[in-house]
Amino acid sequence: MDLRVRLGKLELRNPIILASGILGLSGSQLRRVGEYGFGGLTTKSYTIEARRGYDTPILAYVKCGLLNAVGLENPGYRELARVRESLKDVGIPIIVSIAGSKVDEFTTIASYVDELGFNAIELNLSCPHVEGMGLELGDDPNYVYKIVSGVSSIVSIPVYVKIGLHRDIMATVGKSLDGGAEGITAINTIRALAIDVYARKPVLSNVYGGLSGPAIHPIAVRIVYDIYREYGIPIIGVGGVSSWDDVIEFILAGASAVGVGTVIASKGLDVVREILDGIKTYMMDEGFKELSELIGYANK
Amino acid sequence: MYLTGYDISILRFTWGVIEDILNHSKSIKSFNIRVREPRDLDPGQFIMLWIPGLEEVPLSPSYYDGSLMRITVMKRGPTTEAIHRLRIGDRVFYRGPFGNGFKVSNKGRYLLVGGGYGASPIIYTAHKIREYGYEAMYVEGVKTESDALFIDEAKSLGLDTILVTEDGSSGIKGLVTDYIEEVINEYDYLLGCGPEGMLLKLLELCNRYGVECQLSFEAIVKCGVGICGSCELYNTGLLVCRDGPVFDSRILSRYLGGV
């Protein structure tokens, strides 16, 4: 059973990637997560300056998932040197997520990431809860082009653009590719709101948060399917994966790799092994020897 | 450890009503809260108490029986000051319990050590240990006599009880860890909660004298379920909210080395 997949220029031992935002705050956290069998890891989004993030509550429970508004907490991009150092023998590709509000912020961090020897860059153009540093950027296809082309022209490693529910998703994807992106990460959390009925107030200090978990999975599958159909490019499918069949579904829709996040809160880090075992059993039962045969299968 | 699953519906807020308030000192109060929804809460586990409009505060209750929960809160910032302004009859929002608490199901002699308001989960643990019928000594270390929190309560549980004050205003004068070193040999298990320096010293003593310990660490907790990464213990990759807040000597020695 061969679980290896090719994600553009990257070779992954399996398609499961730690999605950005989960435990990627420090090298030691990523190191620990790396011991659980992931095919790749994505850091939290790094910005030029350190950000302390929002006040608590930053997480709200909803029946169909979780709402978060962490506020892009991170120690600032200079800290990436230490992250790289502590991950030097981890043996799986590390993707660095970058957030910013201006083209030169993205390019400054991206060239540093390239210099440090990380394996790929993910441009977070879709954070739904930090004004001026996310979703709005991705909503403007011309600005997307400026950011992506600015970054792609100065780095040697692959660039992925993480998209969300933008006004015109295909335009955002198209301009990302025109700008030199190798592929797309789809999708980010979706802006949402939860109110406590006894406190009679929004739960999150930031009021709005990003919805993750099972509720967004079918939306993410739709978007991955559409992007693959239109462009046939490398895609990291992310959104509401809670078990192995959600991963297979993303792959059949056209994803070459699949991010997991929220499920770690409920099932723990060992969920990776559970997912990989499920995939192997499925492949055996259904007569597939190589997982890569399944990429985009439902789209053909 | 983090390998295991978790019921994340504990992230849903519930609430209780304040029945009684006890002023320990200018900066520390205890609140007895009648809870609306019984949730199992082991000693050492923590809740996130929420003041709508302000922040959440991680607190490890100083007593819980499924219906009555006592929290002991030190004034440290805007949210804890707001908690201190709450009155009898006010509603208190919280979620949890989160994390791993103290394990006290093994038979043996327990040495319980609380430093400052870190005595909160320790006195709740003392209640549990008495339910099991095991022997224990309760030691509380504070700066001065008026900071003492649960000495009478520990005595009423029938425990050997020692107060250690830094200024010698009551009980034994000195540092609580110096006193512990004198008596640690007589015990099988040490359970501790308090300032970081005290915990690291206790870990060192337990390693030196071959006593198994469980220590509760404090951190800035944000998400509570081990995904945001804000509460990492030093640079170990361990998360106070999910892997802790109570860590045993085996884990601490493995990750912290020979501290």
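In the predicted model, the secondary structure of chain A consists of 10 helices and 16 strands. The C-alpha trace of this chain spans about 50 × 50 × 40 Å along its principal axes. Of the 300 residues in chain A, 64% count as buried. Contacts in chain A between residues at least 6 apart in sequence were also examined, and 71% of these join residues at least 24 apart.

Helices α6 (residues 169-178) and α7 (residues 217-231) of chain A approach each other, their axes coming within 11 Å and crossing at roughly 50°. The crossing is right-handed. On the α6(A) side, the contact is made by Ile169(A), Met170(A), Val173(A), Gly174(A) and Leu177(A). The α7(A) side contributes Arg222(A), Ile223(A), Asp226(A), Ile227(A), Glu230(A) and Tyr231(A). By residue class, the contact comprises seven nonpolar, one polar and three charged residues.

In chain B, Leu205(B) lies in helix α5 (residues 196-209). The relative accessibility of Leu205(B) is 0%, so this residue counts as buried, the cut-off being under 20%. Not counting residues up to four places away in sequence, Leu205(B) touches Thr177(B), Ile180(B), Glu181(B) and Ile184(B). For one of these residues, Ile180(B), the separation from Leu205(B) is 25 residues in sequence and 8.4 Å in space, C-alpha to C-alpha.

Technical notes: Residues are numbered from 1 along each chain as its sequence is written. Chains are lettered from A and ligands numbered from 1 in the order in which they are written. This is a predicted model: local features need pLDDT of at least 70, side-chain atom pairs count only at pLDDT 80 or more; totals for chains, interfaces and linings use all residues. Side-chain values use heavy atoms; hydrogens and water are left out. Axes are lines fitted to C-alpha atoms, for helices over the stretch in contact, and angles run from 0 to 180 degrees between N-to-C directions. Helices (H or I, at least four residues) and strands (E, at least two) are DSSP runs, numbered from the N terminus. A crossing is left-handed if the near helix is turned anticlockwise from the far one by less than a right angle, and right-handed if clockwise. Contact means heavy atoms within 4.5 Å. Ala, Val, Leu, Ile, Met, Phe, Trp, Tyr, Cys and Pro count as nonpolar, Asp, Glu, Lys and Arg as charged, and the others, Gly among them, as polar. Buried means under 20% relative accessible area, exposed over 50%, partly exposed in between (1.4 Å probe, protein chains only).
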